[in-house]
Amino acid sequence: VTTCLSSATEVPIGKCTAEQDQGVCTGHQSNCQGCYETSGVCFEGNHDECKLEPTVDEGGFVQFAIFGLCIDQVLGEEHCVWSASECNSAHEWVTPARNLERTHHNVQQYCTCDKVVIGACRFGDNLSQFTCAVSEDACDGDSEYIGAKELRD
């Protein structure tokens, strides 16, 4: 398991390419504000500059992945999620770029990978076994995806 986890941190993830996203590295297109504001190219998957764990480029700039935020206005709860599909329609979806503005670039409030709540794939006899998953795409045809909120509840 340790080998799997240490290797996963070096896997390239995507990058938001629209100007308003400020080059955010993230795992899903729905995390890019520019994708809601343009019909042009707004996300590049598996970008070489973007990894789950922080990296430092030649200029000393730290690059790290950030994700979206789901806000339950009624309960006053916030949770970081992999993509907008994990955010209930009754909740407010906040892209990483909007969250950067909202938090005044306070790094402690960014939705980094260690803060992202995830779901699970349910599989096996009577669907009684589980494995962690960031999205439905992580589950195969013999399993069923359970979203982060449903799993938590």
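1. Let's start with the cysteines: the structure holds six disulfides, a disulfide being a pair of cysteine sulfur atoms within 2.5 Å. Counting bonded cysteines along the chain, the pattern reads 1-3, 2-6, 4-5, 7-9, 8-10, 11-12.

2. Before going further, a word on what you're looking at. This is a predicted model, where local features need pLDDT of at least 70, side-chain atom pairs count only at pLDDT 80 or more, and totals for chains, interfaces and linings use all residues. Residues are numbered from 1 along each chain as its sequence is written, and side-chain values use heavy atoms, with hydrogens and water left out.

3. Take Cys16 and Cys32, which are joined by a disulfide with an S to S distance of 2.1 Å. The link of Cys16 and Cys32 is left-handed, with -85° about the S-S bond. It connects distant parts of the chain, 16 residues apart: Cys16 sits in strand S1, and Cys32 in the loop between strand S2 (25-26) and helix H2 (34-37). Strands (E, at least two residues) and helices (H or I, at least four) are DSSP runs, numbered from the N terminus. Cys16 and Cys32 are both buried. On the scale used here, buried means under 20% relative accessible area, exposed means over 50%, and partly exposed lies in between (1.4 Å probe, protein chains only).

4. Next comes the disulfide of Cys80 and Cys111, again with S to S at 2.1 Å. With -75° about the S-S bond, the link of Cys80 and Cys111 is left-handed. Cys80 belongs to strand S7 (residues 77-81) and Cys111 to the loop between helix H3 (96-102) and strand S9 (116-117), so the pair ties together parts that are 31 residues apart in sequence. Cys80 is buried, and Cys111 is too.

5. Which cysteine sulfur is nearest to that of Cys113, which is in no disulfide? It belongs to Cys80, and it is 11 Å away. Cys113 counts as partly exposed because its relative accessibility is 31%. Cys132 is in no disulfide either; here the nearest cysteine sulfur is that of Cys121, 9.2 Å away. Cys132 counts as exposed, since its relative accessibility is 63%.

6. Strand S10 is worth a stop, with two partners to check. S10 and S11 run antiparallel and are joined by five bridges; two strands pair if DSSP finds at least two bridges between them. Within this pair, Cys121 stands opposite Thr131 in S11. The S10 and S11 hairpin has five residues between the strands, and Gly124 there takes a positive phi near 85°. On to the other partner: S10 and S12 also run antiparallel, with three bridges between them, and Arg122 stands opposite Glu144 in S12. As background, side chains in a regular strand alternate between the two faces of the sheet.

7. Now the charged pairs. A search of the whole structure finds four salt bridges, each a side-chain nitrogen of Lys or Arg within 4 Å of a carboxyl oxygen of Asp or Glu. One of them is formed by Arg122 and Glu144, whose closest N and O atoms are 2.3 Å apart. Arg122 counts as partly exposed because its relative accessibility is 23%, and Glu144 is partly exposed at 32%.

8. Another salt bridge links Glu49 and Lys15, with the closest N and O atoms 2.6 Å apart. It spans distant parts of the chain, 34 residues apart, with Glu49 in strand S3 (residues 43-51) and Lys15 in strand S1 (residues 12-16).

9. Finally, Glu92 and Arg98 form a salt bridge, their closest N and O atoms being 2.8 Å apart. Glu92 is partly exposed at 27% relative accessibility, and Arg98 is partly exposed with a relative accessible area of 31%.
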